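Here's a quick briefing to read with the model open beside you. Take it one topic at a time.

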Amino acid sequence: MAVNIEIPVWRDPQGNVVACVEKLKVMQENLEEISQMAQDALEDAVLMGCDEHQVRDFLVRLMQSLQNPYQS
């Protein structure tokens, strides 16, 4: 992962640990991909003269705006 942050123990909505190796592998790959894309976007923005803090704030808001299509 491009960023050195501790990955949590993933849990389902009932609090049970997600232990399936394949699910955890997919989750790790997805997070690595997101991390690299966000890093690239930040670097590009800074190189183009954008304010780093504004870009970071936008990326946070972007993540917070994601919708759960499976929500009942």
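L66 is exposed, because its relative accessible area is 57%, and the cut-offs are under 20% for buried, over 50% for exposed and partly exposed in between (1.4 Å probe, protein chains only). You'll find L66 in the segment after α2. Keep in mind that this is a predicted model, where local features need pLDDT of at least 70, side-chain atom pairs count only at pLDDT 80 or more, and totals for chains, interfaces and linings use all residues. Residues are numbered from 1 along each chain as its sequence is written, and side-chain values use heavy atoms, with hydrogens and water left out.

**The nonpolar patch**

- Which helix gives the most to the nonpolar patch? That's α2, with 3 residues.
- F58 lies in helix α2 and is partly exposed, with a relative accessible area of 44%.

**How the two helices pack**

- Helices here are DSSP runs (H or I, at least four residues), as are strands (E, at least two), and they're numbered from the N terminus.
- Helix α1 covers residues 21-47 and packs against α2 at an angle of about 150°, with the axes 9 Å apart.
- That angle makes α1 roughly antiparallel to α2, since angles over 145 degrees get that label, while under 35 is roughly parallel, 65 to 115 roughly perpendicular and the rest oblique.
- The axes are lines fitted to C-alpha atoms, for helices over the stretch in contact, and angles run from 0 to 180 degrees between N-to-C directions.

**Distances along the chain and in space**

- E43 sits in helix α1 and is partly exposed at 41% relative accessibility.
- Between the C-alpha atoms of E43 and V55 there are 9.8 Å, and the two are 12 residues apart along the chain.
- L59 belongs to helix α2 and is partly exposed, at 22%; its C-alpha is 10 Å from that of Q39, 20 residues away along the chain.
- L66 and A38 are 28 residues apart in sequence, and their C-alpha atoms are 15 Å apart.

**The salt bridge**

- How many salt bridges are there? The count comes to 1, taking a side-chain nitrogen of Lys or Arg within 4 Å of a carboxyl oxygen of Asp or Glu.
- R56 and E52 form a salt bridge, at 2.8 Å from N to O.
- Both R56 and E52 lie in helix α2 (residues 52-64), 4 residues apart, or about one turn of the helix.
- R56 is partly exposed at 41%, and E52 is partly exposed at 33%.
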